Amino acid sequence: MRRRRPEKRSINPDPKFNDLEVSKFINYLLTQGKKGIAEKIFYDALDIIKDKTKKDPIDIFKKALNNAGPHVEVKSRRIGGATYQVPTEVKLKRSHALALRWLIDASRKRKDKNMSDKIFNE
């Protein structure tokens with residue numbers, strides 16, 4: 001790179017569970033800068049999980065993230081004029097980012113009534 005690398009931004013943990021992954025999920029979930037609405041949607045989904053399963057909703061959320069994240073991805077490599085798809089291991093940070101993105105995309109495509117139900121079912 002010709003320029004310096006941008007600084008990493010620090011993310012504050014969410015106020016209710018004091019967890020960074022939860023706050024990242026809420027940040028991915030928000031649209032048009034409405035963070036309060038995104039927090040309400042996510043916390044409602046966690047309340048539904050707690051009512052239905054009688055288990056800790058944060059543990060279930062983290063298990064869903066680990067299940068949704070990829071372990072291997074393919075990258076294009078040019079070798080001798082030909083392009084090959086080479087499988088490479090995914091770093092943990094990228095795996096979590098992809099899992100967050102995929103969970104939210106899949107829940108937005110569902111046909112349920114409101115977003116908290118969609119997230120719960122996903």
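Which residue in E2 stands opposite lysine 75? Valine 86 takes that place. The structure is a predicted model, in which local features need pLDDT of at least 70, side-chain atom pairs count only at pLDDT 80 or more, and totals for chains, interfaces and linings use all residues. Residues are numbered from 1 along each chain as its sequence is written, and side-chain values use heavy atoms, with hydrogens and water left out.

Strand E1 covers residues 72–79, and strand E2 covers residues 82–89. Helices (H or I, at least four residues) and strands (E, at least two) are DSSP runs, numbered from the N terminus. E1 and E2 run antiparallel and are joined by eight bridges. Two strands pair if DSSP finds at least two bridges between them. The hairpin of E1 and E2 has two residues between the strands. In this hairpin, glycine 80 takes a positive phi near 60 degrees.

Tyrosine 84 belongs to strand E2. Its relative accessible area is 45%, so tyrosine 84 is partly exposed. Buried means under 20% relative accessible area, exposed means over 50%, and partly exposed lies in between (1.4 Å probe, protein chains only). Tyrosine 84 touches Lys75, Ser76, Arg77 and Ile79, not counting residues up to four places away in sequence. Contact means heavy atoms within 4.5 Å. Valine 74 is ten residues from tyrosine 84 along the chain. The C-alpha atoms of these two residues are separated by 9.2 Å.

The helices are described next. Two packed helices are described by the angle between their axes and the distance between the axes. Axes are lines fitted to C-alpha atoms, for helices over the stretch in contact, and angles run from 0 to 180 degrees between N-to-C directions. Helix H1 spans residues 20–29, and helix H3 spans residues 57–68. Their axes come within 11 Å and cross at roughly 70 degrees. H1 and H3 are therefore roughly perpendicular to each other. Angles under 35 degrees count as roughly parallel, over 145 as roughly antiparallel, 65 to 115 as roughly perpendicular and the rest as oblique. The crossing of H1 and H3 is left-handed. A crossing is left-handed if the near helix is turned anticlockwise from the far one by less than a right angle, and right-handed if clockwise.

On the H1 side, Glu21, Val22 and Phe25 meet H3. Their partners in H3 are Ile58, Phe61, Lys62 and Leu65. By class, this contact of H1 with H3 has five nonpolar, no polar and two charged residues. Ala, Val, Leu, Ile, Met, Phe, Trp, Tyr, Cys and Pro count as nonpolar, Asp, Glu, Lys and Arg as charged, and the others, Gly among them, as polar.

Helix H2 (residues 35–53) also packs with H3. The angle is about 105 degrees, and the axes are 9 Å apart. That makes H2 roughly perpendicular to H3. The contact of H2 with H3 has seven nonpolar, one polar and one charged residues. From H2 come Phe42, Leu46, Ile49, Lys50 and Thr53. They meet Pro57, Ile58, Ile60 and Phe61 in H3.

Aspartate 19 lies in the segment before H1. At 12% relative accessibility, aspartate 19 counts as buried. Leaving aside neighbours within four places in sequence, aspartate 19 is in contact with Pro13, Asp14, Ile58 and Lys62. Histidine 96 sits in helix H4 (residues 92–109). Histidine 96 counts as buried, at 18% relative accessibility. With neighbours within four places in sequence left aside, histidine 96 contacts Glu21, Leu65 and Asn66.

Two loop residues have a positive phi. Glutamine 32 is found in the loop between H1 and H2. Its phi is near 60 degrees, a positive value in a residue other than glycine. Glutamine 32 counts as exposed, at 77% relative accessibility. Lysine 54 is found in the loop between H2 and H3. Lysine 54 is not a glycine, yet has a positive phi of about 60 degrees. With a relative accessible area of 70%, lysine 54 is exposed.

Glycine 36 is found in helix H2. Glycine 36 is partly exposed, with a relative accessible area of 49%. Serine 23 and glycine 36 are 13 residues apart in sequence. In space they are 12 Å apart, C-alpha to C-alpha.
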